[in-house]
Amino acid sequence: MKIVINRDQLMQSIQNVMRAISPKTTIPILSGMKLEANEEEVKLTGSDSDITIESIIPKEEDGIVHIHEVIPGKVVVQAKFLPDIIKKLPEDLVEIEADGELNITIRSGKAEFKLNGQDPEEYPQLPVLQTENSFLIQTDLLKTLIRQTNFAVSTSETRPILTGVHFKLENDQLELVATDSHRLASRKIAMNEETDSLSFKNIVIPGKSLGELNKILDDSQDSVQISVSDNQILFRTKHLFFLSRLLDGNYPETSRLIPEQSKTEVKVESKVLMQTIDRASLLAKDNRNNIVKLETKENNTIEISSNSPEIGTAEEALNTNEISGEELKISFNAKYMIDALRAIDAEEIKIQFTGAMRPFIIEPLDEGEQILQLITPVRTY
């Protein structure tokens with residue numbers, strides 16, 4: 001195998017594929033990156049057996065030549081040193097050559113590196129997913145959906161199913177839900193008619209996988225094809241395959257957690273509330289739960305406060321746009337609230353409370369976007 005390739009293009013692909021390679025793998029071949037070259041393209045593959053990423057570099061695209069010379073073949077190269085070697089090469093063109101003994105030579109300008117390769121036949125084969133169970137979604141929209149939900153997954157392994165995001169597609173509606181049992185993030189979007197015949201109910205994607213996918217995808221209007229099988233999900237763009245295993249088990253029924261009616265409703269500007277909570281939490285960061293209190297006052301004001309016995313107190317009055325219903329005092333984790341407000345990303349929000357010890361929900365005032373955040377309050381007395 002031999003390729004002469006543009007360094008920047010190669011570096012971009014290597015960085016993407018490295019996200020799937022774990023230094024702690026128990027399968028030695030998976031500490032390497034598979035390189036395959038043919039007349040049309042160069043393909044790089046990395047895997048930790050939970051996530052597999054394939055990045056494809058076309059020979060040329062939009063009149064720009066990426067690969068200048070190719071002798072088809074494949075080899076597995078040690079991934080640990082590859083990114084640093086390629087990044088620090090002196091010239092824009094890189095030559096990578098592998099001989100029959102799996103010895104790899106990397107040249108650029110007057111620099112030359114020799115690496116020991118591994119047998120590509122030992123590298124696990126990617127499963128072929130049926131494309132009947134597929135639908136398309138815009139890349140930038142998918143990134144937004146991940147950003148608005150993935151932060152709420154559980155980081156504790158005591159209930160592994162909660163470390164993932166629940167994908168549900170039915171009746172032309174896609175819904176993503178994440179919860180760690182203290183808070184919940186949900187986002188729904190209407191899909192097009194092409195998904196009429198499709199229905200997925202129990203697809204739970206590890207939060208870690210979605211986090212890595214989100215870093216690789218670019219903010220474009222291009223489509224991502226999503227294909228689902230029994231235990232895996234594939235995200236496919238023009239030059240990228242991202243395969244993740246799914247989590248085993250049934251995701252809890254979260255719809256019953258969302259209160260039907262509220263006793264107190266507050267309408268307020270999101271950014272102002274977020275900044276006020278952030279200031280109040282400055283003195284609360286040391287205590288275990290980072291707790292901030294909210295209390296409704298007269299003339300449509302609320303008071304946000306925090307109290308750390310060893311440090312001191314913070315209090316701030318905030319004008320809201322409207323308060324209706326019963327008076328309320330409630331305490332909650334400031335970080336959860338700030339995360340939720342960031343995810344909603346709306347100018348004005350409404351918060352619906354059903355009492356001091358019941359979960360409350362936050363939604364944008366504009367009903368156009370179906371996004372909901374739920375937070376469980378904290379007992380402080």
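This note goes through the confidence, the sheets and the helix packing of a predicted model.

1. Confidence. The model is predicted, and its mean pLDDT is 93, with 98% of the residues reaching 70 or more. Among the elements of the protein, the lowest mean pLDDT, 91, belongs to strand β16 (residues 200-206), whereas strand β9 (residues 93-98) has the highest, 98.

2. The nine-stranded sheet. Nine strands make up an open sheet with antiparallel pairing, and their order is β16-β13-β14-β15-β28-β27-β26-β20-β24. The edge strands are β16 and β24 (322-325), each of which pairs on one side only, and the twist from one strand to the next averages 15 degrees. Within this order, strand β15 (residues 183-190) and strand β28 (residues 370-375) are joined in the antiparallel sense over six bridges, and the bridge partner of Lys 188 is Gln 370 in β28.

3. The four-stranded sheet. A further open sheet is formed by four strands in the order β23-β22-β21-β25, again with antiparallel pairing. Because β23 (312-319) and β25 (329-333) stand at the edges with a single partner strand each, one side of each is left without a neighbour in the sheet. Neighbouring strands here are turned against each other by 20 degrees on average, direction ignored. Strand β22 (residues 301-308) pairs with β23 in the antiparallel sense over eight bridges, and Asn 307 stands opposite Thr 313 in β23.

4. Helix α6 lies across β21 and β25 and runs at about 80 degrees to β25.

5. How the two helices meet. The axes of α5 (residues 270-280) and α6 (residues 334-344) come within 10 Å and cross at roughly 160 degrees; α5 and α6 are therefore roughly antiparallel to each other, since angles over 145 degrees are counted in that class. The crossing in which α5 passes α6 is left-handed. On the α5 side the contact is made by Ser 270, Leu 273, Met 274, Ile 277 and Asp 278, and on the α6 side by Ala 334, Met 337, Ile 338, Leu 341 and Arg 342. These contact residues divide into seven nonpolar, one polar and two charged.

6. Pairing around β11. Strand β11 (residues 111-118) pairs in the antiparallel sense with strand β8 (residues 73-78) over two bridges, where Val 76 has Gln 118 of β11 as its bridge partner. Strand β10 (residues 103-108) also pairs with β11 in the antiparallel sense, over six bridges, and here the bridge partner of Ile 106 is Phe 113 in β11. The hairpin of β10 and β11 has two residues between the strands, and in it Gly 109 takes a positive phi near 60 degrees.

Methods. Residues numbered from 1 in each chain as written. Predicted model: local features only at pLDDT ≥ 70, side-chain atom pairs only at ≥ 80, totals over all residues. Heavy atoms only, no water. Axes fitted to C-alpha atoms, helices over the stretch in contact; angles between N-to-C directions. Parallel < 35°, antiparallel > 145°, perpendicular 65-115°, else oblique. Left-handed = near helix turned anticlockwise from the far one by under 90°. Contact = heavy atoms within 4.5 Å. Nonpolar A, V, L, I, M, F, W, Y, C, P; charged D, E, K, R; others polar. Pairing = 2+ DSSP bridges. pLDDT = per-residue confidence, 0-100.
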